[in-house]
Each structure stands twice: as structure tokens, then as C-alpha cells.
Amino acid sequence: MKYLILLGVVFAVIWWIKLSRPATPADKTSTATDGPQNMVRCAHCGLHLPDNEAVLSRNTAYCSEAHRVLAES
Ligand SMILES: [Zn+2]
């Protein structure tokens with residue numbers, strides 16, 4: 001009788017582990033962070049680049065600090 005209870009506990013633990021596993025989103029790919037990026041155009045050379053990489057000045061985007069200086073001089 002003691003072994004039957006022990007066996008029941010072991011099965012309960014295995015069953016509980018099996019149940020808890022699919023709940024964890026293991027194969028969820030991180031697509032939320034790399035969604036469509038807002039692209040801006042360099043006012044000097046016309047290069048398109050993501051707005052977080054652009055050099056912004058007076059509401060105008062540039063691909064680099066050098067092009068900002070060239071365009072504003
Ligand atoms: Zn440029």
C-alpha cells in the first residue's frame with residue numbers, strides 16, 4: 001500500500017511536469033522588436049536609412065554627420 005501511494009506521487013509529479021511544459025512559450029520568435037522600421041532619406045545624398053541611425057537636424061535627416069555639415073554649409 002505504501003508503494004502504491006509513492007507510485008501515485010511519482011506519476012502525479014510526471015503528469016504535472018508534462019502539463020507545465022507546453023505552457024512555456026519556448027519556440028516564440030522575437031519578431032516584436034524587429035518589425036517594420038521607419039526609413040528616412042538623407043537630404044544630401046538620398047540614401048535611405050532607418051530613422052534611429054539617421055542624423056537629425058532641423059527636421060531634416062542625414063545619413064552621417066559629414067553630410068549634415070555639407071548640406072548646411
Ligand atoms: Zn548622405
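**Helix α1.** I looked up how many residues of α1 are buried in this predicted model. Of its 19 residues the number is zero, so α1 lies largely in the open. I then checked the extent of helix α1, which covers residues 2-20. From the first C-alpha to the last, helix α1 reaches 27 Å, close to the 27 Å expected at 1.5 Å a residue.

**Overall layout.** Read from the N terminus, the order of elements is α-β-β-β-β-α. I noted that buried residues account for 8% of the 73 residues. I also looked at contacts between residues at least 6 apart in sequence, and found that 10% of them join residues at least 24 apart.

**Pro-36.** I located Pro-36 in the loop between α1 and β1, the latter being residues 39-41. Is Pro-36 buried or exposed? I counted 5 C-beta neighbours inside 10 Å, and a residue with 12 or fewer is exposed, so Pro-36 counts as exposed. I also looked up Pro-50, which is 14 residues away from Pro-36 along the chain. The C-alpha atoms of Pro-36 and Pro-50 are separated by 9.8 Å.

**Ser-64.** My last entry concerns Ser-64, which I found in the loop between β4 (60-62) and α2 (65-72). Ser-64 has 16 other C-beta atoms within 10 Å and is therefore partly exposed. I compared its position with that of Cys-42: Ser-64 and Cys-42 are 22 residues apart in sequence, and their C-alpha atoms are 8.3 Å apart in space.

Conventions: Residues are numbered from 1 along each chain as its sequence is written. This is a predicted model: local features need pLDDT of at least 70, side-chain atom pairs count only at pLDDT 80 or more; totals for chains, interfaces and linings use all residues. Helices (H or I, at least four residues) and strands (E, at least two) are DSSP runs, numbered from the N terminus. A residue is buried if 20 or more other C-beta atoms lie within 10 Å of its own, exposed if 12 or fewer, and partly exposed in between; C-beta atoms are placed from the backbone. Two residues are in contact if their C-beta atoms, placed from the backbone, lie within 7 Å. The expected span of a helix is 1.5 Å times one less than its number of residues.
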